[in-house]
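Colleague: Could you take me closely through one part of this model, the open sheet and what packs against it, and follow the strands in some detail?

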Amino acid sequence: MKLFIDTTNNKFIVATIDKKTVVSFEMKETDNNVAKNANKWLSTFLAKSNLTINDIDGFYVVVGPGSFTGVKVGINIVNTAAMINGITDINVISSLKLQKLAGVRYSVMTFGKGKMYILDTKYPFKNFKTSTKPPKGTTRTNYEGFDADELQSKLKWFRKTKTIEAIYP
């Protein structure tokens, strides 16, 4: 069983994945308290799935951009569990790419003090930019409408890392 985790923005998103199929999925608002509650939320989610962290044999993790603290929380959970349990099956994706949606021009992730990361999906190979003004055109912000089916359809977008160190922010 693999664990998907995203703590990069104002949502805590977790899922269990078995053979490329999303088995369970949960997304909750964090109210900017992900650092305080992530371990408790993860333990509760795994318990509802009749699992412990020791049952996990791989990870899908979102590595930002996003809240600096949020990015570190998710990556630290994965790094710690992977190191303790000898897991090397780690797959990564950027938050802007994960929330990219067909027909939507801009992928936007908000972070502190009214700032946002913006990816123009028309030019996906250019770096994202930061701004305080929303772009003109169709946008998707902070995973609105994101669900288990969409996650499952995008598992093939993740990139496998060669070492655990490769996912440090």
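Modeller: In this predicted model, V92 has R159 of β10 as its bridge partner, and the pairing to which the two residues belong consists of 2 bridges between β5, residues 90-93, and β10, with the strands running antiparallel. That pairing belongs to an open sheet of 6 strands with mixed pairing, in the order β3-β2-β1-β4-β5-β10. β10 (159-160) and β3 (21-29) stand at the edges of the sheet, and because each has a single partner strand, one side of each is left without a neighbour there. Helix α1, residues 34-48, packs on the sheet, where it touches β1 (2-6), β2 (11-18) and β3, and its direction makes about 30° with that of β2.

Further along the order comes β4 (58-62), across which helix α2, residues 68-85, lies, as it does across β1 and β5, running at about 165° to β4. On one side β4 is joined to β1 by 4 bridges, the two strands running parallel, and within this pairing K2 has G58 as its bridge partner in β4. β4 is also joined to β5 by 4 bridges, again with the strands parallel, and here Y60 stands opposite N91 of β5. Taken together, β4, α2 and β5 make a right-handed β-α-β unit.

A polar atom of the Q99 side chain lies 2.8 Å from the backbone oxygen of V108. With its neighbours within four places in sequence left aside, Q99 is in contact with V108 itself and with S107, M109, R140, T141, N142, Y143 and K154.

How values were computed
Residues are numbered from 1 along each chain as its sequence is written. This is a predicted model: local features need pLDDT of at least 70, side-chain atom pairs count only at pLDDT 80 or more; totals for chains, interfaces and linings use all residues. Side-chain values use heavy atoms; hydrogens and water are left out. A polar contact is a pair of N or O atoms within 3.5 Å; within protein, one must be able to donate a hydrogen and the other to accept it, and residues adjacent in sequence count only if both atoms are side-chain atoms. Contact means heavy atoms within 4.5 Å. Two strands pair if DSSP finds at least two bridges between them. Axes are lines fitted to C-alpha atoms, for helices over the stretch in contact, and angles run from 0 to 180 degrees between N-to-C directions. A crossover is right-handed if, with the strands pointing away from the viewer, the path from the first strand over the helix to the second runs clockwise.
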